[in-house]
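Please look through the points below with the model open beside them. They are meant for someone who has not worked with this structure before.

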Amino acid sequence: MTRSDLVEELAARFPQLTHRDAESAVKTMLDAMSDALVRGHRIEIRGFGSFSVNRRPPRIGRNPRSGESVQVPEKRVPHFKPGKALREAVDGRGGAAVDDDDTSDD
C-alpha cells in the first residue's frame with residue numbers, strides 16, 4: 001500500500017472528508033511520527049505495533065571491490081515491531097482484521 005492508496009482508502013471510508021482533507025490528515029500523521037522518531041521518542045499504536053529508534057554501533061566494514069577496511073560510523077535507524085494482533089492477523093490465526101479496541105493482549 002502506498003501513501004496515495006492510504007489517502008484513497010481514508011477518503012472512501014469517510015465520505016465527509018474531501019480528498020484534500022484525507023491527504024492532509026495522512027501527511028500530518030506521518031510528519032508527526034517522523035518528528036517523534038527524529039527526537040528519539042517511541043511510538044506505540046495498540047493493536048498495530050511500535051516504532052522506535054535503534055542504535056547501530058560503529059564498526060569496521062570492508063569495501064567489496066577492493067577488500068580495503070573501512071570505518072563505518074554509528075547510525076540510528078528506525079525499527080518497527082508488530083503488535084500481537086497484527087502478527088496474528090497476518091499469520092491467518094487472527095481470523096479478523098486488526099481492531100483498535102482489542103485489549104486482549106494486556
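1. Helices (H or I, at least four residues) and strands (E, at least two) are taken as DSSP runs and numbered from the N terminus. By this count the chain has 3 helices and 5 strands. Read from the N terminus, the order of elements is α-α-β-β-β-β-β-α.

2. The model is predicted, with local features needing pLDDT of at least 70 and side-chain atom pairs counted only at pLDDT 80 or more, while totals for chains, interfaces and linings use all residues. Residues are numbered from 1 along each chain as its sequence is written, and side-chain values use heavy atoms, with hydrogens and water left out.

3. Buried residues (under 20% relative accessible area, with exposed over 50% and partly exposed in between; 1.4 Å probe, protein chains only) make up 17% of the 106 residues in the chain. Contact means heavy atoms within 4.5 Å. Among contacts with a separation of 6 or more, 30% are between residues 24 or more positions apart.

4. Helix α1 (residues 3-13) and helix α2 (residues 19-38) have axes that come within 9 Å and cross at roughly 125°. Axes are lines fitted to C-alpha atoms, for helices over the stretch in contact, and angles run from 0 to 180 degrees between N-to-C directions. The crossing of α1 and α2 is right-handed, meaning that the near helix is turned clockwise from the far one by less than a right angle, with anticlockwise giving left-handed.

5. Which residues meet where α1 and α2 are in contact? On the α1 side they are Arg3, Leu6, Val7, Glu8, Leu10 and Ala11, and on the α2 side His19, Ala22, Glu23, Ala25, Val26, Lys27 and Leu30. By class, this contact of α1 with α2 has 8 nonpolar, 1 polar and 4 charged residues. Ala, Val, Leu, Ile, Met, Phe, Trp, Tyr, Cys and Pro count as nonpolar, Asp, Glu, Lys and Arg as charged, and the others, Gly among them, as polar.

6. There are 2 aromatic pairs in the structure. Rings of Phe, Tyr and Trp (its six-membered ring) pair if their centres lie within 6.5 Å; planes under 30 degrees apart count as stacked, over 60 as edge-to-face and the rest as tilted. Phe48 and Phe80 form a tilted pair, 5.4 Å centre to centre with 45° between the planes. Phe48 lies in the loop between β1 (43-45) and β2 (49-56), and Phe80 in strand β5 (residues 75-82), 32 residues apart. Phe48 is partly exposed at 34% relative accessibility, and Phe80 is partly exposed at 31%. Phe51 and Phe80 also form a tilted pair, at 4.8 Å centre to centre and 45° between the planes. This pair links strand β2 to strand β5 across 29 residues.

7. Ser52 belongs to strand β2. With 17% relative accessibility, Ser52 counts as buried. Beyond neighbours within four places in sequence, Ser52 is in contact with Leu37, Arg42, Val77, Pro78 and His79.

8. Not counting residues up to four places away in sequence, Gly83 touches Phe48 and Gly49. The C-alpha atoms of Gly83 and Gly49 are separated by 4.1 Å, although the two are 34 residues apart along the chain.
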